[in-house]
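Reader: I am new to this structure. Please show it to me, then take my questions one at a time.

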Amino acid sequence: MTDTTEKLRVLVLGDSGVGKSSLVSLIEGGPQKSQWTVGCNVEVILHETSEFSEFIELWDIGGSVVHENSRSVFYRNQYHGLILVHDLTNSKSYTNMIKWALEYVNGGTTRRRMTREAESNLLKQI
């Protein structure tokens with residue numbers, strides 16, 4: 001094993017109530033949480049193999065509309081991955097994943113208008 005431990009940051013986004021915190025709890029192996037996330041909750045997992053070790057930070061950002069203006073603070077950090085979560089019983093949460101991706105790309109605001117070409121290019125990357 002190497003002497004250094006890498007740190008990876010992964011952002012978890014989605015509508016309020018879709019199960020982001022439950023997914024993060026499931027990934028970390030802890031009990032599922034039934035509380036609403038206010039602002040941000042960061043869970044850290046140590047992932048070790050015989051060849052390397054790494055800390056994985058899962059940044060669970062609250063999806064409530066009430067916190068829309070404050071989410072941009074969390075988008076300023078550099079992340080290595082993005083998990084978009086939706087509820088299978090709520091089709092609107094599925095279509096809103098595009099909104100979440102755009103909000104992240106735009107640094108916290110969905111108010112900026114993108115051209116159809118730019119939006120199409122973004123969707124190809126997702």
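Author: A definition comes before the questions: a contact means heavy atoms within 4.5 Å. Note too that this is a predicted model.

Reader: Among contacts in the protein chain between residues at least 6 apart in sequence, what percentage join residues at least 24 apart?

Author: Take the contacts in the protein chain between residues at least 6 apart in sequence. Of these, the share joining residues at least 24 apart is 59%.

Reader: Which pattern does the protein chain follow along the sequence?

Author: The protein chain has 4 helices and 4 strands. Read along the sequence, they give the pattern β-α-β-β-α-β-α-α.

Reader: What percentage of the residues count as buried?

Author: Buried means under 20% relative accessible area. The protein chain has 126 residues. The part that counts as buried is 35%.

Reader: How many aromatic pairs does the structure hold, and what is the angle between the planes of Tyr75 and Tyr104?

Author: The structure holds 3 aromatic pairs. One of them joins Tyr75 and Tyr104, 5.7 Å centre to centre. Planes over 60 degrees apart count as edge-to-face. This pair is edge-to-face, with its planes at 90 degrees.

Reader: Why does the pair of Tyr75 and Tyr104 tie together parts apart in sequence?

Author: Tyr75 lies in helix 2 (residues 72–75). Tyr104 lies in helix 3 (residues 91–105). The pair therefore ties together parts whose separation in sequence is 29 residues.

Reader: Is Tyr104 buried or partly exposed?

Author: Buried requires under 20% relative accessible area, and over 50% is exposed. Tyr75 has 7% relative accessibility and counts as buried. Tyr104 has 24%, so Tyr104 counts as partly exposed.

Reader: Where does Tyr79 lie in its pair with Tyr104?

Author: Tyr79 and Tyr104 form an edge-to-face pair, 6.3 Å centre to centre with 70 degrees between the planes. Tyr79 is buried at 10% relative accessible area. Tyr104 is in helix 3, 25 residues apart from Tyr79. Tyr79 lies in the loop between helix 2 and strand 4 (81–84).

Reader: Which residues form the aromatic cluster?

Author: Tyr104 pairs with Tyr75. Tyr104 also pairs with Tyr79. One aromatic cluster is formed by Trp59, Tyr75, Tyr79 and Tyr104.

Methods
Residues are numbered from 1 along each chain as its sequence is written. This is a predicted model: local features need pLDDT of at least 70, side-chain atom pairs count only at pLDDT 80 or more; totals for chains, interfaces and linings use all residues. Side-chain values use heavy atoms; hydrogens and water are left out. Helices (H or I, at least four residues) and strands (E, at least two) are DSSP runs, numbered from the N terminus. Buried means under 20% relative accessible area, exposed over 50%, partly exposed in between (1.4 Å probe, protein chains only). Rings of Phe, Tyr and Trp (its six-membered ring) pair if their centres lie within 6.5 Å; planes under 30 degrees apart count as stacked, over 60 as edge-to-face and the rest as tilted.
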